[in-house]
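Keep the model open as you read and look up each residue as it comes along.

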Amino acid sequence: MLKLKPLLGLALLGLLCPALTAPAHAGDPEPVPTANRTRFPNFLGATGLLYTPSAYTFGNGETAGHFHANADFYGGGALAGVTERLELGLTVIDADDEPRRSFFDSGGTEFIANGKLQLVRETDVLPAFSIGVIDAFNELKQDSSWYFVASKYFTRGDTDADFALVGHLGYGDGIFDDNVFAGVEMLFNQNMGAMVEYQDDKFNFGVRGRWRGFAATVGLFDTKHFGGGVSYTLRF
């Protein structure tokens, strides 16, 4: 029997898509351009930190291929911006099926579909706000991971300043365990940054570097095991 929750969620995204191209009103706050150095696929194939997503999305015409691996799984896929505020992705994951507590409840190879819609664009005062889903069709057997997340530059993200500090705060179910998740990114220059996230009662730490369209991420998960990933982003 088909589960209604993921289908209803995807239908909601479809209904909201026309709002993405609606003209701005004169009284709307002016959005703040977001630096590209915060928009990279994470380990689960959504723009974000390590496991946690951010409220930022790929823009229209941005496409990335990615591969990530750690003690829980390895896999890769593609992520694309369909409009300026909607991204869709497909990731193939081969999860660890050893008899131990893993990040996932089931092992084997699965295709997971991701989507994120930015409802509110970031301004000088307001954070960006998005809704999204990891594994929309529950292939990982942990329920579709719907989430709400806000992200904000505490320093101006549209300048060329070397240092920037970005905060993320959200709430989700499924792999997010019906709980709060949070993260902080410290961007030291245009090509290097560090991050820490709190997710599923665990702390994960990472560093990320980029060169032209390439990006590489190394993470320490639950202070116990390492993982890494690479991605390449094209902007048409």
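Strand 8 (179-187) and strand 9 (192-199) are antiparallel partners joined by six bridges. Strands here are DSSP runs of E with at least two residues, numbered from the N terminus, and two strands pair if DSSP finds at least two bridges between them.

## About the model

This is a predicted model, in which local features need pLDDT of at least 70 and side-chain atom pairs count only at pLDDT 80 or more, while totals for chains, interfaces and linings use all residues. Residues are numbered from 1 along each chain as its sequence is written, and side-chain values use heavy atoms, leaving out hydrogens and water.

## The largest cavity

Two cavities of 30 Å³ or more turn up in a search of the whole structure. A cavity is a set of points on a 1 Å grid over the protein atoms alone where a 1.4 Å probe fits but cannot get out, and lining residues have an atom within 4 Å of a point. Points are joined across faces, edges and corners, and the volume is the space filled by probe spheres set on them.

The largest cavity has a volume of about 100 Å³. Its lining has 14 residues, with Arg37, Leu187, Met192, Gly193 and Arg208 nearest the centre. Strand 8, strand 9 and strand 10 (202-211) each supply at least two lining residues, and strand 9 gives the largest share, four residues.

## The second largest cavity

About 30 Å³ of space lies in the second largest cavity. Among the residues that line this cavity are Phe40, His68, Arg208 and Val230. Strand 11 (214-221) and strand 12 (225-235) are the elements giving two or more residues to the lining, and the largest share, three residues, comes from strand 12.

## Around Ile134

Which residues does Ile134 contact, leaving aside its neighbours within four places in sequence? With contact meaning heavy atoms within 4.5 Å, the partners of Ile134 include Leu44, Ala46, Tyr147 and Phe176.

Notes: On a 1 Å grid over the protein atoms alone, a cavity is a set of points where a 1.4 Å probe fits but cannot get out, and a pocket is an open set with protein on both sides within 12 Å along at least five of seven lines; lining residues have an atom within 4 Å of a point.
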